[in-house]
Amino acid sequence: MAAPGVFPVVSADNFRKKHAGRKSPSFLTVRACTCEGNRVCQKSVWIDSDKGVNAMEKFDVIVVGAGLAGLAAAWTLAGEGVEVVVLERGDYPGSKNVSGGRIYVNPVRDLFPGLWDEAPIERAIVREGATLMARNRSFTFHYTGSELRAEKPQSYSVLRSKFDRWFSERVEERGAMLLPKTLVSDVIRENGKIAGVIAGGDELRADAVIACDGALSLIPEKAGLRAPGRAHDNAVGVKEVIQLDPNLINDRFNVGDGEGGAHLFVGDVTKGLFGGGFLYTNRDSVSLGLVVSIEDIAKEEAAGDIPALFEAFKARSEIEPLLRGGKTVEYGTHVIPEGGYRSLCPLVGDGILVAGDSAGFALNLGFTVRGMEYAMASGHYAAKAVIEAKKTGCYDAAALAVYQKLLEESFVLKDFRTFQETPKVLSNPHLFGHYPELAGNLLRDLYTVPAGPKSPIFTTLRRHLTLSQLWTMLMDAKEVTKI
Amino acid sequence: MSDLKAKLGLNVFKPLPAPHIKIKAGMERDARLKAAVRACPAGLYSISETGEFVLTIDGCLECGTCRIACGTEVLEWGYPEGGAGVQFRFG
């Protein structure tokens, strides 16, 4: 028996063996070391409240946040035998995570070998759709192609609470330690270097901290890497998960079992503000969501509030029949980085790396809206950089800069560079009001059969596509050449 | 508004021991808070009859939109402690 206040040192390896087979490590509580009554002890202490066993620990790496970036980092680190603990503030990984719900697997398939075959995906996306929403009419197109039905589909709908929880179990199997219900409130700074975090009020130390704490990016802010997020660079996304009979989903979206559709909406759904709507099919539910620029909705002249915009979207005649018979089971919301390359957070500091939404890795190209695969890849490369740094034992910003290099060589920063003008081009207000109305009005006149004689088609076209209109389109098209 | 309350009622919330977001003392009339009235997806910000902004924390989805919309000069903003607040079952 150890004397009170003196804890036997248990290696993380033994610690894990001891608790192998436990489904959830939530029986653990973290307490600051009380040896000699000194709160500023160099080591943190783990107390197994079930067994009264204490173990001291300093980890190689602390990952803040069990989202896709954090879990990917832990997956890669644990695979290389690095001691890593993932701190998650929710009850379980995924319990604080919301996303539209679509992942594109191709760019990350090979980074996580063996992960995908049993992943709890919802449906393979085989049908793409987009709608220009005018006030009283709309113009929709659908796309489908044989490549979307390939043996390995490029994209799946997912529900993150399910997916992340499953991923976290795979990560634990590889040897990472996961601590849910643990909020990281601050970083520990020593000699200008990030030396650990304050979690649940207690100190926890590591050679390196990987901040994967989501779009608000509070940990990098605490570490002095960045200022608070700006309204201009962020959007708010809201989403309902609506339970629906799988056969109704198949029929309404024209897909087979296991297949799904993804549909984006732009125009009157945001009342002219930057943003748009989305509808993704899950196994036995659909995810209906709306994304709006925080800067735009904050403006005095903005029409309505977010909940009202969403309800109006849901009630549209293009949407409501698709949801009939469905039952809303959850209402979620999430901040989405929209600033692209120019508003990325500095990726490394002394003792710290930043990945996923926390770094700003979300990219909206209008046709595709992506974040999850950038999160996974950035988490993976942050882990690789730490593994590299471990060889020299130096974790300062210069040593960790290999993370930036790995991202530059990968699709992540290549995409962000290629599309660095996209946020500006896509923020053209014409896209959210003028063009949807133009398309709607033109089609109205082409489809309408009046009581009297009908105008020649060319006259109808010229009525809408005036010289000044064509000039506007040319100017906007010129901007599009930048992307 | 009642529709929104009903919708929030579908979510799983665990009790919050203390409000994790507060309007800073003396900032209750700051015009920057107007943005949160429009932007908060849970409709938790309102203006009282006396012209003060009021935040009701129950139903908070912890998205952080208000922090970005209003700024940290008017809001004291943190996540709830571990294991508290909204727990998404679908996400």
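This is a predicted model: local features need pLDDT of at least 70, side-chain atom pairs count only at pLDDT 80 or more; totals for chains, interfaces and linings use all residues.
Colleague: What makes K181(A) buried or exposed?

Modeller: A residue is buried if 20 or more other C-beta atoms, placed from the backbone, lie within 10 Å of its own, exposed if 12 or fewer do, and partly exposed in between. K181(A) has 22 such atoms within 10 Å, so K181(A) is buried. You'll find K181(A) in the loop between β10 (177-179) and β11 (184-190) of chain A. K181(A) sits 5.0 Å from G90(A), C-alpha to C-alpha, although the two are 91 residues apart in sequence. Across the 483 residues of chain A, 49% count as buried.

Colleague: And why is F13(B) called partly exposed?

Modeller: F13(B) has 16 other C-beta atoms within 10 Å, so partly exposed is the label. F13(B) belongs to strand β1 (residues 12-14) of chain B.

Colleague: What does F13(B) touch, leaving out residues up to four places away in sequence?

Modeller: G85(B) and V86(B). Touching, or contact, is counted when the C-beta atoms of two residues, placed from the backbone, lie within 7 Å. Over in chain A, residues 24 or more positions apart account for 70% of the contacts with a separation of 6 or more.

Colleague: On to helix pairs: what makes α2(A) roughly parallel to α3(A)?

Modeller: The axes of α2 (residues 68-79) and α3 (residues 160-173) of chain A come within 9 Å and cross at roughly 15 degrees. That angle makes α2(A) roughly parallel to α3(A). Angles under 35 degrees count as roughly parallel, over 145 as roughly antiparallel, 65 to 115 as roughly perpendicular and the rest as oblique. The axes are lines fitted to C-alpha atoms, for helices over the stretch in contact, with angles from 0 to 180 degrees between N-to-C directions.

Colleague: Is the crossing of α2(A) with α3(A) left-handed or right-handed?

Modeller: Left-handed. That word applies if the near helix is turned anticlockwise from the far one by less than a right angle, and right-handed applies if clockwise. In this pair, L68(A), L71(A), A74(A), W75(A) and A78(A) of α2(A) meet D164(A), F167(A), S168(A), R170(A) and V171(A) of α3(A). By class, that contact has seven nonpolar, one polar and two charged residues. Ala, Val, Leu, Ile, Met, Phe, Trp, Tyr, Cys and Pro count as nonpolar, Asp, Glu, Lys and Arg as charged, and the others, Gly among them, as polar.

Colleague: How do you know that α14(A) and α15(A) are roughly antiparallel or roughly parallel?

Modeller: The axes of α14 (residues 434-447) and α15 (residues 457-464) of chain A cross at roughly 160 degrees and come within 10 Å. The two helices are therefore roughly antiparallel. Their contact takes L438(A), N441(A), L442(A), D445(A) and L446(A) from α14(A), and I457(A), T460(A) and H464(A) from α15(A). There are four nonpolar, three polar and one charged residues in it. α14(A) passes α15(A) in a right-handed crossing.

Colleague: Which domains is chain A divided into?

Modeller: Domain 1 (12-93 + 166-228 + 342-418), domain 2 (112-163 + 231-338) and domain 3 (425-480). The bounds come from an automatic or database domain assignment. Eleven residues of domain 1 are in contact with 13 residues of domain 2. α3(A) gives the most to the domain 1 side, with three residues.

Colleague: How many residues does each chain bring to the contact of chain A with chain B?

Modeller: Chain A brings 40 residues and chain B brings 32. On the side of chain A, β18(A) gives the most, with eight residues. That side has 19 nonpolar, 13 polar and eight charged residues.

Terms used:
Residues are numbered from 1 along each chain as its sequence is written. Chains are lettered from A and ligands numbered from 1 in the order in which they are written. Helices (H or I, at least four residues) and strands (E, at least two) are DSSP runs, numbered from the N terminus.
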